[in-house]
Amino acid sequence: MSAPEKIVAEARTEFGKGAARRIRRDNKIPAVIYGHGNDPIHVILPGHQTMMALKHGGANALLALDVDGSEQLALTKDVQVDPIRRVIEHLDFVAVIRGEKVTVDVPIHVVGDAAPETLVVNENTVVSVEAEATHIPEFFEVSVAGAVAGTQILAKDLDLPSGTTLLADEELLIVNVTEQISAEALEAELEEAEAEAGIEHDVSDAEIADAQVEAKAEDAAIEAEGTDSE
């Protein structure tokens, strides 16, 4: 993890939905910092600079917030994003200090192409670890280059940097490489599973019409064969 980006934070003195909307209209982000037994610190952050810092820092971005002239290391814990406009509406941080160990979920990045006719399933997209607050890995890279069906990569197989401790179960399945199933086999499995579950599908009018046409065609063919034999 690179050095935390420094951002000047304004103290937030107005609250409520109306105040929050005014903050966002000014291209700023309301945020709160929790932790270390202190009262929550409510702040306002510059929108674009903060967004870029989170983008560069990843899921566990660490920021150095200047709060009233005093630096506070803040670990990103929750990012609320508007589902339509895709802008950050609110941020939650946890206050940390240098040298402190923190528990985080680090994303898994799968790279490479497995062997032909295989399917790579990412069973777990994050893994829980303990790391020093200023040295949190941005992600763990897992290569499946040339991996054959039956290959399984477990949490214990991850290459953890020095100072990072695995908290997840060592046998946690991260990536599973299986044989690629054909469309016909998949459909057969689905039909079998539905039959076992007692699921029945209603026959559509179009399917009934098709069946009637096929039946008439078969009857006509049989009748024609009878006529020829006479």
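**Figure 1. Arg22 and its salt bridge with Glu14.** Arg22 is partly exposed, with a relative accessible area of 40%, where buried means under 20% relative accessible area, exposed means over 50% and partly exposed lies in between, using a 1.4 Å probe and protein chains only. The side chain of Arg22 meets that of Glu14 in a salt bridge, at 3.7 Å from N to O; this term stands for a side-chain nitrogen of Lys or Arg within 4 Å of a carboxyl oxygen of Asp or Glu. Side chains of opposite charge can pair when their charged atoms come close. A search of the whole structure finds five salt bridges. The model is predicted, and local features need pLDDT of at least 70, side-chain atom pairs count only at pLDDT 80 or more, and totals for chains, interfaces and linings use all residues. Residues are numbered from 1 along each chain as its sequence is written, and side-chain values use heavy atoms, with hydrogens and water left out.

**Figure 2. The salt bridge of Asp82 and Arg85.** In this view the side chains of Asp82 and Arg85 meet in a salt bridge, with 4.0 Å from N to O. Asp82 is buried, its relative accessible area being 12%, whereas Arg85 is exposed, with a value of 53%.

**Figure 3. The salt bridge of Glu171 and Lys156.** The closest N and O atoms of Glu171 and Lys156 are 3.0 Å apart in a salt bridge. Glu171 lies in the loop between strand E12 (165-166) and strand E13 (173-179), and Lys156 in the loop between strand E11 (152-154) and E12, so the pair ties together parts that are 15 residues apart in sequence. Strands (E, at least two residues) are DSSP runs, numbered from the N terminus. Glu171 counts as partly exposed at 45% relative accessibility, and Lys156 counts as partly exposed at 44%.

**Figure 4. The surroundings of Ile88.** Ile88 lies in strand E6, which covers residues 88-96, and is buried, with a relative accessible area of 18%. Leaving aside neighbours within four places in sequence, Ile88 is in contact with Ile29, Met51, Leu54, Val79, Gln80 and Val81, where contact means heavy atoms within 4.5 Å.

**Figure 5. An open sheet of four strands.** The four strands stand in the order E10-E7-E9-E12, with mixed pairing. Strand E10 (140-143) and E12 are at the edges, each with a single partner strand, so one side of each is left without a neighbour in the sheet. Two strands pair if DSSP finds at least two bridges between them, and strand E7 (residues 101-111) pairs with E10 in the parallel sense over four bridges. Val142 in E10 is the bridge partner of Val110.
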